[in-house]
Amino acid sequence: MATKWGICSAGKVSRDFSVAVNLLPSEEHKIIAVASRELTKAKQFVKNYKLDNTKAYGSYQQLADDSNVEVVYIGAIHTEHYKLTTLFLMHGKHVLCEKPAAMNSAQLDEMIRLADKKKLFFMEGLWSRFFPVYRQLRHELDTQSLGTVRYLHATLGSPITGVPRLVKKELGGGSLLDLGIYLLQLACFVFEDPPIGVESTGSLNEEGVDEKVAITLHYSGNRTAQLSCDITMWLPNKAMVCGSKGIIEIPDKFWCPTSIVKDGERKDFPLPKGEFIERWFNTPGFQYQAAAVRESLLKGELQNASAPHKDSTLIHQLMDTIRKQIGVHYDADGPIPNSNPSYSVNATSYSINAQMIDFGLVGCNGDVNCDEGVKGDLDSDVNVGSDDDVKMDSNYIVNGTADIKMNGKIDDNMDSKGTRCQCTLKTIN
Ligand SMILES: NC(=O)c1ccc[n+]([C@@H]2O[C@H](COP(=O)([O-])OP(=O)(O)OC[C@H]3O[C@@H](n4cnc5c(N)ncnc54)[C@H](OP(=O)(O)O)[C@@H]3O)[C@@H](O)[C@H]2O)c1
């Protein structure tokens, strides 16, 4: 029996996804309804993209109320993902939600919890993971054909600042959530375990969202990922995975690739053929993702092993950390905590296998409390005196900021008038 899809929102990516799914065998996939906030837009969508016998709804609620819809693809802008996923899960639908599935990890945690509670399938649309190139890469990594992989380099950029949803804060703008997520999913795919340190820098537009971000992820065993995204200009848009025995390159569009080069030898994986519409790149590849969702549904799985909840969780935690480091805050994050009389210290460097962080503060005296997003026990006293150490457990994700509650003297590193202070965190191994 065909998987019965509902499409939530009639925007550009919904169009690409729908056209791709509509070209899959109709006994396997059927788009039975499309919803937009405007009925005319939904009707136009159904007509334009030749979706036969597909209902058009003028509200997302009507799609949720349609008992025939089995799984909803959410192609609305980022800021709506949490609300819409919740709506459809509450109405008993499985959900495939475009990336980023949420604005932050707190939202994502709730979405996953709800899906689990309702025993419904939920997946973030990390479509990259379903391209045959990623299967090939997984094979190379699993068989250790590159030896020990210690370095990943990937960049993704294109000049897209003319698109409102990418630059406006209230629409969830910013390069990290839109493009950077592809870099992070690749890093999580290659290295699998969480990084033990995160360093990032970025530049923000006048709205306070990032136009470009450069990220270094530190992993145990001297493994590193260097990643950059940019919405103001083109970057090479390729990835390199480097190991002790060789190099794999994904030479073009690493997030939706059709070829892989290992030690100079190229292997191509042509896209499915058909009358696809290209809004962006390689949109026939949406078929791979849709087919994987169907497979999971047939098996009764609540998540797909190629884009599991744990990966989305880690990716969102990393995006939270990076946003804190570069100073991007969305309404969904809640009010900015007023740390006065605490001092917020921006972490800019970490090293590996840290059991201790040296806050490098001289003459300070107080408690260190790391705020949300940090895994592990980081609460500790800072001793009076110089170069105070903070004990922490090793199984953690560094958040990048820590509130230092000051009781005593503040030295020159601290701006005693402000509530923020730039300070390099370095680890002592
Ligand atoms: N996987 C990929 O390759 C890929 C590619 C592009 C984008 N995406 C993701 O897909 C999502 C949508 O991107 P897009 O480029 O398709 O955007 P888009 O063309 O602007 O469409 C987004 C849709 O969101 C709906 N929407 C709901 N509330 C809205 C609001 N308050 N303001 C504006 N629109 C609202 C609108 O649908 P209605 O008017 O019909 O209700 C709109 O058409 C983003 O999260 C993006 O990250 C993924």
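Me: A residue counts as near a molecule or strand if its C-beta atom, placed from the backbone, lies within 6 Å of it. Which residues come nearest to the ligand?

Reply: Of the 20 residues around the ligand, Ser9, Gly11, Lys12, Val13 and Ser36 come nearest. The model is predicted, local features need pLDDT of at least 70, side-chain atom pairs count only at pLDDT 80 or more, and totals for chains, interfaces and linings use all residues. Residues are numbered from 1 along each chain as its sequence is written.

Me: Why is strand S5 called largely enclosed?

Reply: A residue is buried if 20 or more other C-beta atoms lie within 10 Å of its own, exposed if 12 or fewer, and partly exposed in between, with C-beta atoms placed from the backbone. Five of the five residues of S5 (residues 94-98) are buried, so the strand is largely enclosed by the rest of the structure. Strands (E, at least two residues) and helices (H or I, at least four) are DSSP runs, numbered from the N terminus.

Me: What makes both faces of S5 covered?

Reply: In a regular strand, side chains alternate between the two faces of the sheet. His94, Leu96 and Glu98 on one side of S5 are buried, as are Val95 and Cys97 on the other.

Me: How do you know that S4 and S5 pair?

Reply: Pairing requires that DSSP finds at least two bridges between two strands. S4 (residues 71-74) and S5 have four, in the parallel sense, and Ile74 stands opposite Cys97.

Me: Which strand do four bridges join to S5 in parallel?

Reply: That strand is S6 (residues 122-125), where Gly125 is the bridge partner of Glu98.
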